[in-house]
Amino acid sequence: MFNAYWSVISARYRTLLQYRAAAIAGFVTQLFWGAIKIMVMSAFFAVSTEPQPMKLVEVVSYIWLGQALLGMLPWSVDKELEAMITNGGISYELVRPLDLYSFWFCRTIALRTATTTLRSIPMLIFALLLLPLAGFDEWALAAPGGLVVTCVFLLSLVCALLLACSFTMIMHVILVWTISGDGLNRILPSFTMIFSGMVVPLPLFPDWTQGFLSLQPFRGLVDVPFRIYTGNIPALEAGPDILHQLIWSAVFIFLGRRLLASSMHRVVVQGG
Amino acid sequence: MVKYTGWFMSQILVKDLSKTFSVAQRQPGLVGAIRGLFSRVYSEVHALNNVSFTIDPGELVGYIGPNGAGKSTTIKILAGILVPTSGECLINGRTPWRQRRDHVADIGVVFGQRSQLWWDLPVIESFELLRDIYRVPPQVYRESSAELIHMMDIESVLDTPVRMLSLGQRMRCDLVASLLHRPSILFLDEPTIGLDAVSKLAVREFVRQLNQQHGVTVILTTHDMDDIEALCRRIVVIGAGTILNDGDLAGLRRKINPERRLKVEFADNPVSISMLDSGQVLTEKTVRVVGHEGNTLHLAFDPGKITTTDLIHHISSRFAVKDLFVENPPIEELIAQLYGDTRVDKVSDV
C-alpha cells in the first residue's frame, strides 16, 4: 500500500532531478536576488533609528534560507500534470487503483523536494561556508544555535513542506476545474510569496498588519521555520507555531480532497 | 436497479447507458466573445443514447463507429473514468464509477493515442512502477513480465527512455504495461493507430494469443477494418450514440448487404457488358456489373437469388474463362452503408 505511493514519489523525484540546467540557472538567479535583498535590508537597518523586531543578522539568515528553499514553496504546478489535464492523458491517472488525491500528493511531494534538493545544497554551502571565507561575515548565513534549535527547525521545515504540498494540491485541483490554470495559478503565487515572508520578512511589516499576518496560512511556509532557525522564535516556545502549520495543512488537504472529488464527477476527458 | 436474473453469466453488462455533455456555445467575433463573458448559451450533446449490451468472459469484441459516434465515451465509462448521465453498468459485479479503485485493479487499458509509460524513465522502470501501483506480487510480476516482454519482443528497448522509442515500440511496451497485473478485461482504444504494417500484425497476433490462450476479454475500438476482420468474431457498431448493429461479421453482411462479388477474367476476347447482360438469367435484378477493366469483369450478385455455382456455370458455359474469384464486399463498404445517414458530423469526439 505504502509502497505504491513511495514508488510514485521516487520515480517522479528521479525524473525531476534530471533538470540540472534549470537548477544551475535557478541557483544563479537566486544568488543574485539574495544579494540584492541583503543590500536593501542592510541599507534599511543602517538608516533606521528605532529598534526593529528582528536583528540584521537574523534577517540575513532569513533571506538566505528563503533563497535556498524557494523551490519548496507553492509557486508552481506540476508541468506534467498540467499537460495531462490539458491533453487528456489524465485518463491513465484515473485507471490506476490508487486514491487520486494521495497519488497526486505524492507527485507534489516529489515536485516540491526534487528541485529544492538540487538548489538548496549549493546555496547553503555558498551562504554558510563560502561567504565567511571570502570575508563577508555580515552577509553570511549564521549557523543555527544548537542541536535543539536545529531539530525544531527541521520539524517545522517538514511541516512547511506538508503545508506547501497541500496548497500546491489546491492549485492542481484548480487546474482540473479550469483546464488551463493560467488565471488563478498565476495570481496565487504572488499572494503566497508576500504572505509567507519571502519578499519581506513578516515581522518587518507594519504593526497593524501583525494580527492578520499571524493568523493567515502562508506564514507557516517561510516565516515560522526561518524564525525558529534564527532564534527569533525560541525553539522551545515554537509549539503553537508548528500547530498553526499543521492545522492549515489539514484545512488545505480537506478542501483539496472535497474539490477533487466533486470535480471528478464533472470531468470531461476530450478526444481520442 | 439492474435485475441480475439471467444476466449473471455476463462479465460486462451495460444497460441504457446515456451520456450528455453540455457545451458552451461561442458566438463568432469579438462581440460574441464579450457577450459570452456575461451570458452563455449551452447546447447539449448526446454522446450516448440508451446504449445496452452484454459481454461474456473471453469474448473479443470489436467496437466500431465513425469519429464522434461515442466509442471513446463508452470505453471511458466502462473504464471508470467518466460518470454517465444515466444508465447502469456492471463489470465483474462492480459499477466502474462507484467502485473505481477495485474496478480498475482488474482491467487493463490502452489508449492508442497516448502512452501510460513515464516519458523520461526507461521502460523497465515504468513497468516496475506499475508493479508497485497495482501491488503485483514479485513472483507473479517476474512471470508475467518475462512472458509479455518475450511475446512482444521488447527485450532490447527495456533500458531506453520512453521518449526515445518509435511509435511501434512504444505501443508494444504500452500493451505489456497494461497487462502486468493480469487483468481479466482489456480495453484497447485504437491500438493500431499510426502503426506500420509489421507492428500492426504484431499487435494483432498478441491480442489474439492473449484472448485465446489466456482467456482475457478484449474490447477493441478501431478504424482499421483489417483489425476487425482479423480479430473479432463479434462486432458492435455505434453511430451517433446508439448501437446500430451487434453481431458477427457474417450477420452484419447479411443484414446490410448480402451481395457477393465475382471477379471473372476471360481468356482472350474482351466480353462486352451488354453481351453478358443479354443472357436470360443475368438480368439486372440478380447480377450487376460493378467494374470492368481489360479482360476482367467485377460482378455483384445476391446468393439468395442465384447460387454461386449456377452463376459460374452460366458464365463458363458461354465464354472462355481464364480465372474466377469469389469474394465478400470490403467491410469498409458495409460499415459505410450502415452509418448511412446517421448524423455524426455535428457531434465532437468526446
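**Figure 1. B:D132 is buried, with a relative accessible area of 13%.** Buried here stands for under 20% relative accessible area, exposed for over 50%, and partly exposed for anything in between, worked out with a 1.4 Å probe on protein chains only. What you're looking at is a predicted model, where local features need pLDDT of at least 70, side-chain atom pairs count only at pLDDT 80 or more, and totals for chains, interfaces and linings use all residues, while side-chain values rely on heavy atoms, with hydrogens and water left out. To find your way around, count residues from 1 along each chain as its sequence is written, and take chain letters from A and ligand numbers from 1 in the order in which they are written. B:D132 pairs up with B:R131 in a salt bridge, with 3.2 Å between the closest N and O atoms. That term covers a side-chain nitrogen of Lys or Arg within 4 Å of a carboxyl oxygen of Asp or Glu. B:R131 itself is partly exposed, at 24% relative accessible area.

**Figure 2. B:R182 and B:E143 make a salt bridge.** Their closest N and O atoms sit 3.7 Å apart. This pair links distant parts of the chain, 39 residues apart: B:R182 is in the loop between helix 6 (167–177) and strand 6 (185–189) of chain B, and B:E143 is in helix 5 (residues 138–152) of chain B. Helices (H or I, at least four residues) and strands (E, at least two) are DSSP runs, numbered from the N terminus. Both partners are partly exposed: B:R182 has a relative accessible area of 43%, and B:E143 has 42%. Over in chain A, salt bridges with shared partners tie A:R12, A:D78, A:E80, A:E93 and A:R107 into one network.

**Figure 3. Here are two members of that network, A:R107 and A:E93.** Their side chains form a salt bridge with an N to O distance of 3.2 Å. A:R107 belongs to helix 6 (residues 100–133) of chain A and A:E93 to helix 5 (residues 90–94) of chain A, so the pair ties together parts that are 14 residues apart in sequence. A:R107 is buried, at 1% relative accessibility. A:E93 counts as buried too, at 6%. Over all chains, the structure holds 23 salt bridges.

**Figure 4. This is where chain B meets chain A, with 33 residues of chain B in contact with 34 of chain A.** Contact means heavy atoms within 4.5 Å. About 3,100 Å² is buried between the two chains, and carbon and sulfur atoms give 56% of it. Buried area is the accessible area (1.4 Å probe) that two parts lose on being put together, summed over both. The rule finds one salt bridge across this interface: B:E125 with A:R14, their closest N and O atoms 2.2 Å apart. Eleven residue pairs, both at pLDDT 80 or more, are in polar contact between the chains. A polar contact is a pair of N or O atoms within 3.5 Å; within protein, one must be able to donate a hydrogen and the other to accept it, and residues adjacent in sequence count only if both atoms are side-chain atoms.

**Figure 5. Stay with the contact between chain B and chain A, with its eleven residue pairs in polar contact, and look at the chain B side.** Helix 2 (71–78), helix 3 (100–104), strand 5 (107–111) and helix 4 (123–133) of chain B each supply at least two residues of this side. Helix 4 gives the largest share, five residues. Sorted by class, the side has 17 nonpolar, four polar and twelve charged residues. Nonpolar covers Ala, Val, Leu, Ile, Met, Phe, Trp, Tyr, Cys and Pro, charged covers Asp, Glu, Lys and Arg, and the others, Gly among them, are polar.

**Figure 6. The largest nonpolar core has 168 residues.** Such a core is a set of buried Ala, Val, Leu, Ile, Met, Phe, Trp, Tyr and Cys residues joined through side-chain atoms within 4.5 Å. A:W104, B:F127, B:I154 and B:F187 have the most contacts inside this core. Helix 7 (residues 147–178) of chain A gives the most to it, 18 residues. Leaving aside neighbours within four places in sequence, B:F127 is in contact with a set of residues including B:L117, B:Y141, B:I154 and B:L180. A second, separate core of eleven residues includes B:V264, B:V287, B:F301 and B:F319.

**Figure 7. B:S10 is in the segment before strand 1 (12–25) of chain B.** B:S10 is buried, with 18% relative accessibility. Not counting residues up to four places away in sequence, B:S10 touches B:T54, B:I55 and B:D56.
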